[in-house]
Amino acid sequence: MNDLMSTKPVQPLIAPSILAADFASLADDAWASLEAGGDLLHVDIMDGHFVPNLSMGPAVVESLRKALPEVFLDVHLMVSDPGAYFKPFADAGANLLSFHIEVCESEQHARDLCGVIGDLGVHTGIVINPPTDVERVLPVVDAFDLVLVMSVNPGFGGQAFIPEVLDKGRRIAPLLRDDQRLEIDGGIGLETAELARQAGFDVLVAGSAVYGKPRDQWGEIIRILRG
Ligand code: DX5
Ligand code: ZN
């Protein structure tokens, strides 16, 4: 499963975002979205400080890991102090931990945090928000396994896609090696997925576009998102 991150996929990977799943039947929804063709699960962690919402903590990741031992868990830390949470989420079973460039005081700070994640034996990701200049992330992309471009302001699922962020994809994609992935998150649906693929993104996060629809449609939706 870790090969998901280290080899360039022939077709984009689809990462259902469980934020939009039914938390009362989380493992069941998560499993069904993988059966329907999802390649990995995107897990949104919100601290009520970096973003104005709360979501879930390491206990939920631990339960998902138990229920789905083989799944790749892509854990997106929308938190002000990510370093405090790397070990708890790694211990819980995360395969990848991403944090925001906006919480980094310097390029070196971002590289240091990346090193801490790597030392835990987990893949590394760096995230950039829509209002943040792409120049902020470019100097550090070489260090990470994945670069995540937010296509909504983070905090909530089901928001409208911000097309201006596609330029960030076009800037970052040519800089990446075959063992680095470029992910987009927020407002990805049947119309916007194609724009994202054309801009060079090879991991597409989709929350409400999948879990917000009846389960018998997920296979067809994921097929269309993949293109
Ligand atoms: C937004 C989260 C996203 C969210 C995407 O703060 O980072 O991962 O789940 O949801 P949709 O696909 O509904 O925009
Ligand atoms: Zn996310």
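**Close-up views of salt bridges in a predicted model**

**View 1. A pair within helix α4.** K87 and D91 sit four residues apart in helix α4 (residues 86-92), so about one helical turn separates them; helices are DSSP runs of H or I with at least four residues, strands are runs of E with at least two, and both are numbered from the N terminus. The two residues form a salt bridge whose closest N and O atoms are 2.7 Å apart, the term meaning a side-chain nitrogen of Lys or Arg within 4 Å of a carboxyl oxygen of Asp or Glu. K87 is partly exposed at 47% relative accessible area, while D91 is exposed at 54% (buried is under 20%, exposed over 50%, partly exposed in between, with a 1.4 Å probe and protein chains only).

This is a predicted model, where local features need pLDDT of at least 70 and side-chain atom pairs count only at pLDDT 80 or more, while totals for chains, interfaces and linings use all residues. Residues are numbered from 1 along each chain as its sequence is written, chains are lettered from A and ligands numbered from 1 in the order written, and side-chain values use heavy atoms, leaving out hydrogens and water.

**View 2. D202 meets K8.** Here the closest N and O atoms of the salt bridge lie 3.0 Å apart. The partners are 194 residues apart, with D202 in the loop between α7 (192-198) and β8 (203-206) and K8 in the loop between α1 (3-6) and β1 (13-16). D202 is buried at 5%, whereas K8 is partly exposed at 46%.

**View 3. R226 meets D39.** This salt bridge has its closest N and O atoms 2.7 Å apart. R226 belongs to helix α9 (residues 218-226) and D39 to the loop between α2 (26-35) and β2 (41-46), so the pair ties together parts 187 residues apart in sequence. R226 is buried, at 15% relative accessible area.
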